[in-house]
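Please have a look at the model first.

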Amino acid sequence: QVRLVESGGGLVQAGGSLRLSCAASGKIFATDVMGWYRQAPGKQRELVATITRGDTNYADAVKGRFTISRDNAKNTVYLQMNSLKPEDTAVYYCNVNRPYGEPSDFWGQGTQVTVSS
């Protein structure tokens with residue numbers, strides 16, 4: 001079982017930056033897909049970005065502004081968020097999708113990001 005803990009959220013002004021971190025309690029494997037999702041009040045949880053061992057994917061809304069990265073030695077995934085907009089306000093959740101074994105999905109508790117105009 002994987003336990004995920006997010007940190008780094010907070011309150012920033014539009015145009016500012018934040019870096020989110022997600023630390024895993026156990027070993028993260030190269031085959032694991034790590035990602036960030038977000039959920040605003042009254043909205044569905046949506047994909048922000050994912051990273052595999054050799055590729056990254058981003059939602060159109062954050063492309064060019066956010067960067068996802070991972071450090072397998074530290075069992076940690078990061079989300080660097082630049083040029084933040086009020087529309088980015090949400091609770092951000094870390095996710096690990098493990099191709100092998102059950103369960104295959106793990107979630108953190110979330111960290112609040114609030115962007116003021």
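Which residues does Met34 touch, not counting those up to four places away in sequence? Met34 touches Ile28, Ala49, Thr50, Ile51, Ile68, Arg70, Val77, Asn95 and Val96; contact means heavy atoms within 4.5 Å.

The model is predicted: local features need pLDDT of at least 70, side-chain atom pairs count only at pLDDT 80 or more, and totals for chains, interfaces and linings use all residues. Residues are numbered from 1 along each chain as its sequence is written, and side-chain values use heavy atoms, with hydrogens and water left out.

Met34 lies in strand 4 (residues 33–39). Strands are DSSP runs of E, at least two residues, numbered from the N terminus. Met34 counts as buried because its relative accessibility is 0%; the cut-off is under 20% relative accessible area, with a 1.4 Å probe and protein chains only.

| Pair | Sequence separation | C-alpha to C-alpha distance |
|---|---|---|
| Met34 and Thr56 | 22 residues | 9.7 Å |

Four strands form an open sheet in the order 1-3-8-7, with antiparallel pairing. Pairing requires at least two DSSP bridges between two strands. Strand 1 (4–7) and strand 7 (66–71) are at the edges, each with a single partner strand, so one side of each lacks a neighbour in the sheet. Six bridges join strand 3 (residues 18–24) to strand 8 (residues 76–81). Ala23 stands opposite Thr76 in strand 8.

**Core.** The largest nonpolar core has 28 residues. Such a core is a set of buried Ala, Val, Leu, Ile, Met, Phe, Trp, Tyr and Cys residues joined through side-chain atoms within 4.5 Å. Trp36, Leu79, Met81 and Tyr92 have the most contacts inside this core. Met81 touches residues including Leu18, Phe66, Tyr92 and Val113.

Technical notes:
Buried means under 20% relative accessible area, exposed over 50%, partly exposed in between (1.4 Å probe, protein chains only).
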